[in-house]
Amino acid sequence: MSTPRARLVVDPAFRIGRVDRRLGGSFVEHLGRCVYGGIWDPEDPASDAKGFRSDVLGLVRELGVPVVRYPGGNFVSGYRFEDGIGPPEDRPRRADLAWRSMETNRFGTDEALAWCAEAGTEAMLAVNLGTRGALAAAELVEYTNHPGGTYWSELRAANGHPEPYGVRLWCLGNEMDGPWQIGHRPAADYARDALAAARAMRAVDPTIELVACGSSNSAMPSFPAWEATVLDVCYDEVDHISLHSYYGRPYPSQGAFLASALDMDRFIETVAATCDHIRAKHRSTKRIGLSFDEWNVWHRDSEPEHRPWLEAPPMLENRYDQLDAVVVGTLVNSLLRHADRVKVACLAQLVNVIAPIVAEPGRPAWRQSIFWPYRDLVRYGEGDSLRVAVSSPEHDVVGVGSVPVLDVAATVSADGEELRVMVANRSPDLDVPTSLDLRAWDGFELVSHQLLAPSAPRPGDGFGWPGPAAAPLPAERSGTLEVSIPAMSWSTLVARRRR
Ligand code: AHR
């Protein structure tokens with residue numbers, strides 16, 4: 001039997017839409033060792049005068065993370081932001097009810113915004129709509145964004161930051177559809193509270209962008225009625241609706257795990273359809289954006305037993321392998337394929353907690369396998385997303401159906417000079433000979449094929465997962481290139497205009 005072939009046709013005319021840079025965002029929550037012992041660790045020799053770990057900052061800058069969501073997550077639904085501002089020695093120690101840990105509050109809003117400035121990233125702040133409401137939400141906006149002369153803006157100045165921070169992106173709570181969420185309530189009740197908070201926050205700063213809570217995943221029994229109810233009430237007052245999704249063990253089969261992006265595609269398309277249904281119902285011209293502000297691989301079967309009320313206990317510290325990197329690659333592709341609707345996305349999370357970066361005491365921070373496809377999202381999530389005509393061999397996955405072996409996305413840079421094609425091969429054993437048809441790219445040549453394939457660590461890789469290696473470049477025949485896409489791999493192929 002001959003080896004099944006794939007064919008990818010990329011054409012600059014097949015534009016999906018402009019990619020919002022914020023698609024490459026990430027997330028830092030007060031959870032486990034993400035903040036304490038992750039981005040902030042004054043005792044570690046690798047930390048600067050503010051207590052920020054310089055090696056972590058270095059990796060975050062290397063990635064070029066455009067936006068970081070903070071401070072939760074589930075944590076935010078029990079959080080008083082006032083606890084985390086002012087002199088550190090006066091800050092209360094509190095029981096973090098979401099994660100049953102001890103919260104020292106030594107790191108708070110000012111530290112987070114200072115860290116974002118040093119990391120060269122924008123902050124996306126979440127307000128607590130679990131156990132608090134419109135007034136506290138508006139007061140936090142006043143603290144961060146008001147120019148001065150009011151109680152909260154003067155307090156910010158007294159705390160060392162006279163200039164407003166100008167935080168643009170705000171989440172109206174977190175996963176309020178989930179019974180695990182502190183303050184979880186029915187959609188209609190959440191919608192009423194989100195509307196009140198949105199109006200109060202906008203009264204302080206009309207320029208902010210607001211994200212209403214959507215569903216915690218596509219399997220929630222209330223999905224997508226939750227979105228319809230919330231948007232029916234809040235349509236005019238919010239800019240985006242959130243989506244969250246994690247994929248990982250326990251899973252029905254490895255094949256189903258590798259097909260996770262099919263669920264992500266469908267989830268995005270269903271939420272977009274729900275938004276547009278409410279838009280039509282309201283006779284509105286406004287289009288709601290999608291904020292996929294938590295996504296990743298999360299294996300929930302490897303958690304050590306949790307002893308409550310410890311300070312920054314290790315939690316959710318997944319170790320990732322090649323399989324996980326390939327799945328993350330397919331999720332990256334799904335986000336890029338929907339760049340016309342998804343305007344913000346946050347890999348959850350950034351450091352230690354289900355994260356691409358690991359920081360341990362007394363050792364340089366290191367990159368996990370998923371760092372690499374995430375880096376490619378940040379690097380190539382720019383310009384326009386292109387629809388690729390894909391004909392790929394398929395395999396049957398029980399419970400899922402027929403799944404294309406290759407998963408593909410493409411972008412062209414804003415200046416039109418660089419084409420990038422991202423390809424995940426989700427077969428465990430099939431190398432796929434692939435024709436890449438670039439006939440529409442007259443004057444372009446393939447300049448690199450970076451390949452993250454199963455491999456042993458190489459000398460000199462140091463700590464962490466070895467990055468992609470350069471694959472040999474194929475010869476071009478009448479605008480078509482023949483490349484092999486190895487089993488269980490993640491590839492980025494870059495073509496540039498000849499000079
Ligand atoms: O990212 C970990 C947790 O997953 C977040 O706190 C919560 O929002 C989600 O359920």
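These notebook entries record what I looked up in a predicted model.

**Entry 1: domains**

I began with the domain division. The protein chain is split into domain 1 (6-12 + 387-497) and domain 2 (20-381). Taken over C-alpha atoms, the centres of domain 1 and domain 2 are separated by 30 Å. I then looked up the contact, to which domain 1 contributes 28 residues and domain 2 contributes 31 residues.

For the interface I noted a buried area of about 2,400 Å² between domain 1 and domain 2, with 68% of that area given by carbon and sulfur atoms. Which three residues supply more than any others of the area that domain 1 buries against domain 2? I found Phe-463, Trp-465 and Trp-490, which supply 29% of the area on the domain 1 side.

I also searched this boundary for charged pairs and recorded one salt bridge across the interface of domain 1 and domain 2.

**Entry 2: salt bridges**

I took the whole structure next, and the search returned 40 salt bridges. I examined Glu-317 and Arg-33, whose side chains meet in a salt bridge at 2.8 Å, N to O. Glu-317 lies in the loop between E11 and helix H9 (322-337), while Arg-33 lies in the loop between strand E3 (25-27) and helix H1 (54-63), so that I logged a link between distant parts of the chain, 284 residues apart. Is Arg-33 buried or exposed? I recorded Arg-33 as buried, because its relative accessible area is 13%, and the cut-off for buried is under 20%.

**Entry 3: Arg-498 and its partners**

I noted two salt bridges at Arg-498, one with Glu-445 and one with Glu-476. For Glu-445 and Arg-498 the closest N and O atoms are 3.8 Å apart. Glu-445 belongs to strand E22 (residues 444-452) and Arg-498 to the segment after strand E26 (489-497), and this pair links parts of the chain 53 residues apart. The side chains of Glu-476 and Arg-498 meet at 3.8 Å, N to O. Because Glu-476 lies in strand E24 (residues 476-477) and Arg-498 in the segment after E26, this pair ties together parts that are 22 residues apart in sequence.

I then checked accessibility. Arg-498 counts as partly exposed at 44% relative accessibility. Glu-445 is partly exposed at 35%, and Glu-476 is partly exposed with a relative accessible area of 45%.

**Entry 4: aromatic rings**

How many aromatic pairs does the count come to? I recorded 14 aromatic pairs. Phe-267 counts as buried at 1% relative accessibility, and Phe-292 is buried at 0%.

I next took Trp-441 and Phe-444, whose ring centres are 5.2 Å apart with planes at 75°, so this pair is edge-to-face. Both Trp-441 and Phe-444 are buried. I also noted one aromatic cluster formed by Tyr-36, Trp-40, Tyr-70 and Phe-107.

**Entry 5: charges over rings**

The charged end of Arg-300 sits over the ring of Trp-298, at 3.7 Å from the ring centre. Arg-367 lies over the face of Phe-371, 5.4 Å from the ring centre.

Terms used. Residues are numbered from 1 along each chain as its sequence is written. This is a predicted model: local features need pLDDT of at least 70, side-chain atom pairs count only at pLDDT 80 or more; totals for chains, interfaces and linings use all residues. Side-chain values use heavy atoms; hydrogens and water are left out. Rings of Phe, Tyr and Trp (its six-membered ring) pair if their centres lie within 6.5 Å; planes under 30 degrees apart count as stacked, over 60 as edge-to-face and the rest as tilted. Buried means under 20% relative accessible area, exposed over 50%, partly exposed in between (1.4 Å probe, protein chains only). A charge sits over a ring if NZ of Lys or CZ of Arg is within 6 Å of the ring centre and within 35 degrees of the ring normal. Domain bounds come from an automatic or database domain assignment. Contact means heavy atoms within 4.5 Å. Buried area is the accessible area (1.4 Å probe) that two parts lose on being put together, summed over both. A salt bridge is a side-chain nitrogen of Lys or Arg within 4 Å of a carboxyl oxygen of Asp or Glu. Helices (H or I, at least four residues) and strands (E, at least two) are DSSP runs, numbered from the N terminus.
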